[in-house]
Amino acid sequence: MESLIRFITKNSPWFTWLFLAILSIVLLCQTNPYHRSIWFGSANFITANVYDLQSSVTSYFGLRQANDEMLEGMGLLETENLALRQQLQEYQDLESLHRDSLKHQYRYLIAHVVGNSINQAENYITIDKGSTDGVHQDLGVTDQNGVIGIVAKVSSHYSLVLSVLNPKLRLSVMLKNTEAFGSLVWDGKDSRYAIFEDLPRNVDYKNGDTIVTTGYTSSFPKNIPVGRIVDTFDGGGSFLTLHVELFSNFNRLNAVHVIFNEEQEERDQLQASVNANN
Amino acid sequence: MSILLYILWLLLAVVLQVLLFNHLSFFGGVALVYVIALLKAPVEINRVLQIVMGFLVGFVVDIFCNTPGMHSLTAVSVMALRDVILHLFNDDPEFKSGLVTMQQLGLSAYARFSLSIIALHCLLLYIIESFTLFNFPVLLLKVLISVGLTFGFCMAFEFAASKK
């Protein structure tokens, strides 16, 4: 017994080590986080407070970087803001443009075709809108596909439209995107085709190119589709004559648009005054 | 007097470890500067007390690292062997009291002594840590980096302290 006590006393450091090492291993083996005591982790009161104090000091060290990041973010937002403002301005400009040119200058009235002919030498279309609806002479008429004609006579509730299929109508048209212009007339042969006359010979074109209105006359706005080129007659002069397939099907007209040009009167007066002076 | 000085070292080392060096990692290796508190324990302290103190230091670090038992087991084992290792490097039979310092042992002996303790500590710690995930090259790299960092900082602190 005495020797045992002497052994333990002599080797007390090793026994202490053994005891504490076993205690550490027990702590180490608590691998399940739910079984770990909250007192042995960073979530306990003292530890949490020490970490809290630390972060309240060290968070100031990051302020410069945080500030830089915030400035960078502000720069990005400012750039975005500028871009959006510019876009908004563009839309506002576009809207005012729209008001000026389309809403103010041109106005559409829906009308229905009540009478139509295609096989006579001079063809007219009758529509169900007249002077009480504001319709008057020389207004342009289109359908969803393209140009139909120009109002020739009005009564109180009906109007007579000079059809494209009428040799009395000469429509100012051009090759789309080239500004090379000429006149569209009907040759009285086929209701599907018309003739594009007076196109300068130097113009580059090919079959299938689209013919649109020029806007030179007050009846139609610019770029209303008319038809597409299908063939060329070479008359031998300095101008070309082309065969044009019309977009509108005159056989089956139903709803058409009467185009009101608010500046038509002003424009016609101007042109009339020029003609009178000559 | 040396006990008070030692407590100062102890607190400084643990606080620095917990608040600063635990957050600085270099390729997975961390500088374990609290080992300096184990290195410098005054020689007059009873070995049992040294071992208990080693356990407490490890335990505090464990709590802050959320690694219960890991640093305690390492520190308690290192402290159990510390006096044995110190005898290998200490030629002075008169060295019976006071902190283990560079002036006491001389630069060469102190460096070899601290390197031995640090290497033992890091090796033990990472072996215990890698019981769950054993990958020898990674383990070796971590041990080497930690030993290098810890030794560098501990020597720097020792130089700074000896200048006073």
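Predicted model: local features only at pLDDT ≥ 70, side-chain atom pairs only at ≥ 80, totals over all residues.
Me: What makes α3(B) and α4(B) roughly antiparallel to each other?

Reply: The axes of helix α3 (residues 47-65) and helix α4 (residues 70-89) of chain B cross at roughly 155 degrees. Angles over 145 degrees count as roughly antiparallel, and α3(B) and α4(B) are therefore given that label. The two axes come within 7 Å, and the crossing is right-handed.

Me: Which residues make up the contact of α3(B) with α4(B)?

Reply: From α3(B) they include Ile51(B), Met53(B), Phe55(B), Val57(B), Phe59(B) and Val61(B). From α4(B) they include Met70(B), Ala75(B), Val76(B), Val78(B) and Met79(B). Arg47(B) and Asp62(B) of α3(B) also take part, as do Arg82(B) and Asp83(B) of α4(B). By class, the contact has 13 nonpolar, six polar and four charged residues.

Me: Why is Gln104(B) called partly exposed?

Reply: Gln104(B) has 14 other C-beta atoms within 10 Å. A residue is buried at 20 or more and exposed at 12 or fewer, so with its count of 14 Gln104(B) falls in between and is partly exposed.

Me: Where is Gln104(B) found, and what is it in contact with?

Reply: Gln104(B) is found in helix α5 (residues 102-105) of chain B. Leaving aside neighbours within four places in sequence, Gln104(B) is in contact with Phe95(B) and Gly98(B). Asn90(B) is 14 residues from Gln104(B) in sequence, and their C-alpha atoms are 8.9 Å apart.

Me: What is the pattern of chain B along the sequence, and how many helices and strands are there?

Reply: Chain B has seven helices and two strands, in the pattern α-β-β-α-α-α-α-α-α. Of its 164 residues, 39% count as buried. Among contacts in chain B with a separation of 6 or more, 69% are between residues 24 or more positions apart.

Me: In chain A, what is the strand order of the barrel that includes β6 and β7?

Reply: The order is β6-β7-β8-β11-β10-β9; these six strands close into a barrel with antiparallel pairing. The twist averages 40 degrees from one strand to the next.

Me: How do you know that β6(A) and β7(A) pair?

Reply: Four bridges join strand β6 (residues 171-175) to strand β7 (residues 181-185) of chain A. At least two bridges are needed for a pair, so β6(A) and β7(A) with their four bridges qualify, and they run antiparallel. Val173(A) stands opposite Gly182(A), and Met174(A) stands opposite Phe181(A). Five residues lie between the strands of this hairpin, in which Asn177(A) takes a positive phi near 75 degrees.

Me: What makes β7(A) and β8(A) a pair?

Reply: β7(A) and strand β8 (residues 193-200) of chain A share three bridges. The requirement is at least two, so the two strands count as paired, in the antiparallel sense. Ser183(A) has Glu197(A) as its bridge partner in β8(A).

Me: How many bridges does β10(A) form with β9(A), and how many with β11(A)?

Reply: Three bridges join strand β9 (residues 210-213) to strand β10 (residues 225-233), which run antiparallel. Six bridges link β10(A) to strand β11 (residues 239-246), again in the antiparallel sense. Ile211(A) stands opposite Gly227(A), and the bridge partner of Asp231(A) is His243(A).

Me: What is the strand order of the barrel that includes β2(A) and β5(A)?

Reply: This closed barrel of six strands runs β1-β2-β5-β4-β3-β12 in chain A, with antiparallel pairing. Neighbouring strands of this sheet are turned by 45 degrees against each other on average, direction ignored. Strand β2 (residues 124-127) and strand β5 (residues 159-163) pair over four bridges, with Thr126(A) opposite Leu160(A).

Me: Why is the phi of Asp138(A) worth a remark?

Reply: Most residues other than glycine have a negative phi. The phi of Asp138(A) is positive, near 75 degrees. Asp138(A) is found in the loop between β2 and β3 (140-142) of chain A. Asp198(A), in strand β8 of chain A, also has a positive phi, of about 65 degrees.

Me: What makes Asp138(A) and Asp198(A) partly exposed?

Reply: Asp138(A) has 15 other C-beta atoms within 10 Å, and Asp198(A) has 16.

Terms used
Residues numbered from 1 in each chain as written. Chains lettered and ligands numbered in written order. Axes fitted to C-alpha atoms, helices over the stretch in contact; angles between N-to-C directions. Parallel < 35°, antiparallel > 145°, perpendicular 65-115°, else oblique. Left-handed = near helix turned anticlockwise from the far one by under 90°. Contact = placed C-beta atoms within 7 Å. Nonpolar A, V, L, I, M, F, W, Y, C, P; charged D, E, K, R; others polar.
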